[in-house]
Amino acid sequence: MKITLILGTNRKGTTYHLARMIADRLEGDVTEVFLPKDFSLYCTGCGLCFRRSETLCPHARQLMPITQAIDEADVLILASPVYVYHSTGAMKNLLDHYSWRWMLHRPEEKMFRKQAVAVVTAAGGGMKPALKDMTDSLFFWGVGRIHTIGIAAFAASYEEMTPKRQQKAEKQVDRIVSDIRAHEGRVKPALKTRIFFKFYRKIILPHMKEGDQNYWKQKGWDKNQPW
């Protein structure tokens, strides 16, 4: 099993501890991406990825290793501490660069068979909107099965969390790991994903930009589904 862990901060704090715990218990081959250390370039809004090709993005070369790690992974782990009730700016910045991969544009068909975990920790609140920052992209990328874990640590590090909170967190980790293993190799897109895909094909496809239309037709998705 290949796992790509993308962390929305350079700091190996509580969020990293929990994300790494999931990866270690899955016993896979792990690739780690730390933001902004491994990618810090901001989207310029040039629109080239939509209008022509993602390869023309001014940051395509720097983004390529991360894209490759995402595509090769069986399980994606997006992890971020809560910053002002949302994910970190570094995480949002990376996700901004993949809007062309949303289902209504040019989704990567491998996504429909992947699993992903969104991991969030907070000193107190804000976990729900921070998780949504990441799960929105995971869903619209077409990821087949998405798991979430949000932990209110009330501490500066995992070691400083109370034993009761640590125990609660580890139970959630074990539940997610068990679910991922149960679906390994046989992931199917959720009903919501299938509904959105069908809607895009029947209603949105005729109005997509030419590059997106050609992509769908080359894949045969104007008539068939990718699963």
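Me: Are Asp-212 and Arg-106 buried or exposed?
Reply: Both Asp-212 and Arg-106 are buried. Please note that the model is a predicted one.

Me: What do Asp-212 and Arg-106 form, and how far apart are the closest N and O atoms?
Reply: The two residues form a salt bridge, in which the closest N and O atoms are 2.8 Å apart. This pair links distant parts of the chain: Asp-212 belongs to helix 8 (residues 210-219), while Arg-106 sits in the loop between helix 4 (89-96) and strand 4 (115-122), 106 residues apart.

Me: And which residue does Glu-109 form a salt bridge with?
Reply: Its partner is Lys-219, and the closest N and O atoms are 2.6 Å apart.

Me: How many salt bridges does the structure hold?
Reply: There are 12 salt bridges in the structure. One of them joins the side chains of Asp-136 and Lys-132, at 2.9 Å from N to O. These residues are 4 apart in helix 5 (residues 127-141), so about one helical turn separates them. Asp-136 is partly exposed at 27% relative accessible area, and Lys-132 is partly exposed at 49%.

Me: Which residues are joined into one network?
Reply: Arg-20, Asp-24 and Glu-32 are, through salt bridges that share partners.

Me: Changing topic: how many aromatic pairs are there?
Reply: The count comes to 17 aromatic pairs. Among them is the tilted pair of Tyr-16 and Phe-34, with 5.7 Å centre to centre and 35 degrees between the planes. Tyr-16 is in helix 1 (residues 14-26) and Phe-34 in strand 2 (residues 29-34), 18 residues apart. Tyr-16 is buried at 12% relative accessibility, as is Phe-34 at 8%.

Me: Why is the pair of Phe-139 and Phe-196 edge-to-face?
Reply: The ring planes stand at 90 degrees, and an angle over 60 counts as edge-to-face. The ring centres are 5.1 Å apart. Phe-139 is in helix 5 and Phe-196 in helix 7 (residues 191-204), 57 residues apart. Phe-139 is buried at 10%, whereas Phe-196 is partly exposed at 26%.

Me: What lies over the face of Phe-139?
Reply: Lys-192 does, at 4.7 Å from the ring centre. Phe-139 also belongs to one aromatic cluster with Trp-102, Phe-140, Phe-196, Phe-199 and Tyr-200.

Note on methods: Residues numbered from 1 in each chain as written. Predicted model: local features only at pLDDT ≥ 70, side-chain atom pairs only at ≥ 80, totals over all residues. Heavy atoms only, no water. Salt bridge = Lys/Arg side-chain N within 4 Å of Asp/Glu carboxyl O. Helix = DSSP H or I, 4+ residues; strand = E, 2+ residues; numbered from the N terminus. Buried < 20%, exposed > 50% of the residue type's maximum accessible area, 1.4 Å probe, protein only. Phe/Tyr/Trp six-rings, centres within 6.5 Å; stacked < 30°, edge-to-face > 60°. Lys NZ or Arg CZ within 6 Å of the ring centre and 35° of its normal.
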